[in-house]
Amino acid sequence: MNGHAHAAWAITTPIKVTNYGSRRSVRYGLSIEEALRRAVGGDPHYPARLIKNPFPPAG
């Protein structure tokens, strides 16, 4: 083991990060993400979000 891990937090209200989303809600989501990263001592240089939806829509 190398001591590295990934963490994820579920949110109840989705945030659209496309051009159709609100810039204000995206900024709010990013500030929450940064606060959570700091709270757990996460790597400030990690470049991306790495997650898959564990509950994809039925298709």
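Which residue caps the N-terminal end of H1? I looked there before anything else. Ser 22 does the capping. I found a side-chain oxygen of Ser 22 lying 3.2 Å from the backbone nitrogen of Arg 24. I note that the model is predicted.

**Entry: the chain as a whole**

I counted the secondary structure next. The chain has one helix and zero strands. I then checked how much of the chain is covered. Of the 59 residues, 2% are buried. The accessible surface comes to about 6200 Å². Carbon and sulfur atoms account for 59% of that surface.

**Entry: the helix**

I went back to H1, which runs over 23-39. H1 holds 17 residues. From the first C-alpha to the last I read a span of 24 Å. That is close to the 24 Å expected at 1.5 Å a residue. Then I looked just past the end of H1. Gly 41 takes a positive phi there, about 70°.

**Entry: charged pairs**

How many salt bridges does the structure hold? I found two. Glu 34 takes part in one with Arg 37, where the closest N and O atoms are 2.6 Å apart. Both residues, Glu 34 and Arg 37, lie in H1, three residues apart, about one turn of the helix. Glu 34 also forms a salt bridge with Arg 38. Here the closest N and O atoms are 2.8 Å apart. Glu 34 and Arg 38 both lie in H1 too, four residues apart, again about one turn. Salt bridges with shared partners join Glu 34, Arg 37 and Arg 38 into one network.

An α-helix has 3.6 residues a turn, so residues three or four places apart point the same way. Side chains of opposite charge can pair when their charged atoms come close.

Is Arg 38 buried or exposed? Arg 38 has 61% relative accessibility, so it counts as exposed. Glu 34 has 30%, so it counts as partly exposed.

**Entry: a nonpolar patch**

Which residues make the nonpolar surface patch? I listed Ile 11, Ile 15 and Val 17. Their patch covers about 300 Å². I placed Ile 15 in the segment before H1. Its relative accessible area is 33%, so Ile 15 is partly exposed.

Definitions and conventions
Residues are numbered from 1 along each chain as its sequence is written. This is a predicted model: local features need pLDDT of at least 70, side-chain atom pairs count only at pLDDT 80 or more; totals for chains, interfaces and linings use all residues. Side-chain values use heavy atoms; hydrogens and water are left out. Patches are made of residues with over 30% relative accessible area and no salt bridge: like charges are joined within 9 Å, nonpolar side chains (Val, Leu, Ile, Met, Phe, Trp, Tyr) within 5 Å. Accessible areas come from the Shrake-Rupley method with a 1.4 Å probe; for residues, only the protein chains shown count as cover. A salt bridge is a side-chain nitrogen of Lys or Arg within 4 Å of a carboxyl oxygen of Asp or Glu. Helices (H or I, at least four residues) and strands (E, at least two) are DSSP runs, numbered from the N terminus. Buried means under 20% relative accessible area, exposed over 50%, partly exposed in between (1.4 Å probe, protein chains only). The expected span of a helix is 1.5 Å times one less than its number of residues. A polar contact is a pair of N or O atoms within 3.5 Å; within protein, one must be able to donate a hydrogen and the other to accept it, and residues adjacent in sequence count only if both atoms are side-chain atoms.
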